[in-house]
Amino acid sequence: MAFIDLTSLGKSFGPTTVVRDFDLALGMGEFVSLLGPSGCGKTTVLRMVAGFETPDSGDIRIEGQSQLRLRANQRQIGMVFQSYALFPNLTVAENVAFGLRVAKTAPAAIARRVEEMLDMVGLAALKARYPYQLSGGQQQRVALARAIAPRPRVLLLDEPLSALDAKIRVALRTEIRTIQRQLGITTLFVTHDQEEALSMSDRIVVMNGGRAEQIGTPVEIYNQPATRFVAGFIGTLNVIEGQVGRDGGAYLDCAGGRLPLPDGFGAQAGERLSVAVRPQSLRPVAVEGDGLRGIVRHVEFMGAFTRLHVACGAMTVLVDCFARDLAATVTVGGPIGLTVATDEVLRLSA
Amino acid sequence: MTAKRIGSWAVFILAAVYFLLPLVGTLEFSLRARRGVYSLDAYRNVLGDPQFQQTLAYSLILSVATVVLGVLIVAPTAFWVRLKMPRLRPVVEFITLLPLVIPPIIIVFGYIRLFNTASILPLTGSSRGTDFLLAAGYATLSLPYMYRAIDTGLRAIDVRTLTEAAQSLGAGWVTVLARVILPNIAVAILSGAFLTFAIVIGEYVIAALLNRPAFGPYMVWMGSNRAYEPAALAVIAFGMTWASMAVIQFLARRTRFTKV
Ligand SMILES: Nc1ncnc2c1ncn2[C@@H]1O[C@H](COP(=O)(O)OP(=O)(O)O)[C@@H](O)[C@H]1O
Ligand SMILES: [Mg+2]
């Protein structure tokens, strides 16, 4: 039995359905991210778990117990908000102590726990400050300490890093994950940033239009995107449409030429099909034989790699290559051939 | 210096004269109790009058009761409307404005009819009961100011997220209000409180008709029986109002946790 079970959750606001048929099971101590574009219902799922919204259908169980009849303040679920939501009238230490004081913990125990929490997030020196005297990153650390202090059963984080600078965001990402691992606290993390989700999660739920499009480990989600939406959302991706070769050959005829398909791709001869190829899977070669051809339209130096924009008929394909793979023949406006290893052609279901 | 600039200064000076002239006149008159010289005799008489001290003390205590009653009614209401029924806000706002259009005399006659000694709840039968009615009447009169002050305070904080943060930490509604919302709108409550204070100190109709020894009726009585003392009283009352304004400003600036 999973630690947390969300079963066929549904929620509408008036006529608009925001979450539909949402199923998810979290193991004890697992870190799961809800990933999706803005407005796809991530926050709504989180708020239903927290008890701030009531689902129209489905159930939320923790250790087998339905939570629907419990109010938010009875659920023992910690929450971290994008806007930090620290109490402006309380000091850092008082903020962290809030949940413990509400639970009527003994003062000595509160003091000990607050100290422990502030040490954990590295803010012991700032415990007498007020929130307005802290930077965004510090405030979010306090918010994390405050949420964890009363030992909640589950930790929910709603885009906790979105309001922070890039550098702090990356540092805090690691910190949150380290603390989460140390404490073994089951965590549901909402983000619209694929890099964040890929780097932090045990598993990722990619959401679209209120539904879970795919649930899997970061590696699975990245390497085997189940749908076109997932493929497009996780990283930059070339979606190539074409028709499977009629003469029984395992290749796709498309605007740019011929794309070889892996064995057991399961496509019917003559079927129209979309496949996905990552920019880094494509390799520039001389213009001959099989593979795609096109005209180099644009060359972008990205630092670690170089990105080519190649026009193959009406479609533009992005190609990322390292300097050593970059044929000297690549010139803007000139022709180019592209190959791809067959096992790096991704099948998309929709 | 452009003509526009001169024009705005002229308007400012005109307005200042318009406001200040009556005050200066009153002040000047209040100092003339002794023939031929300026003196503080009128002030001495007023401040030394036991009636002055008693009625002022009564009204001060009553204004505190009124503020407490007002906050207890308005703060949870404004909070709830903001959090759960934002669409009802115009309606609630309209209701809180009613005391501005309904004269106090109607309120007090309503009270007397409802709570007279022959009624089920004979509040006018005892002086404590009548004091309560008076505080209730004043709380009604201060409703427009109290509601606006508190609602403005609530607008300045993220009510919803703070409430949810507190709830996720286990807090119930009372804790949320008492420990999170009220402390963060303390300055707003205070400014509402001082406006209430100004109303309670000067109010005549309700206090007179309920026959309570309040400061308003005392001022009126003084006005119809003495010459110089009413002017001194007016200056004192005016001074108290300005002192409360100054206190609001001071406290607003001194609040340690806001960076306004
Ligand atoms: N209280 C609400 N009333 C009406 N619509 C809402 C409410 N909360 C969210 N929505 C709508 O539900 C959709 C999903 O919102 P949300 O769960 O916040 O998405 P996300 O967090 O993925 O950006 C949005 O279109 C939003 O406008
Ligand atoms: Mg959201």
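In the predicted model, helices α4 (residues 89-101) and α7 (residues 143-155) of chain B cross at roughly 145°, and their axes come within 7 Å. Axes are lines fitted to C-alpha atoms, for helices over the stretch in contact, and angles run from 0 to 180 degrees between N-to-C directions. Helices are DSSP runs of H or I with at least four residues, and strands are runs of E with at least two, numbered from the N terminus. From α4(B), the contact (heavy atoms within 4.5 Å) includes B:Arg89, B:Val92 and B:Glu93. Among the residues they meet in α7(B) are B:Tyr147, B:Arg148 and B:Asp151. The contact residues divide into eight nonpolar, one polar and five charged. Ala, Val, Leu, Ile, Met, Phe, Trp, Tyr, Cys and Pro count as nonpolar; Asp, Glu, Lys and Arg count as charged; the others, Gly among them, count as polar.

Chain B has 13 helices and zero strands. Its C-alpha trace spans about 75 × 70 × 30 Å along the principal axes. In α1(B), a kink of about 35° lies at B:Leu20, shortly before the proline B:Pro22. The bend is the angle between axes fitted to the seven residues ending at a residue and the seven starting there.

One of its oxygen atoms is 2.9 Å from a side-chain N or O atom of A:Lys42. For the side chain of A:Thr44, the distance is 2.5 Å.

Residues are numbered from 1 along each chain as written, with chains lettered from A and ligands numbered from 1 in written order. Local features need pLDDT of at least 70, side-chain atom pairs count only at pLDDT 80 or more, and totals for chains, interfaces and linings use all residues, while side-chain values use heavy atoms, without hydrogens and water.

Note on methods:
Polar contact = N/O pair within 3.5 Å; in protein donor to acceptor, adjacent residues only side chain to side chain.
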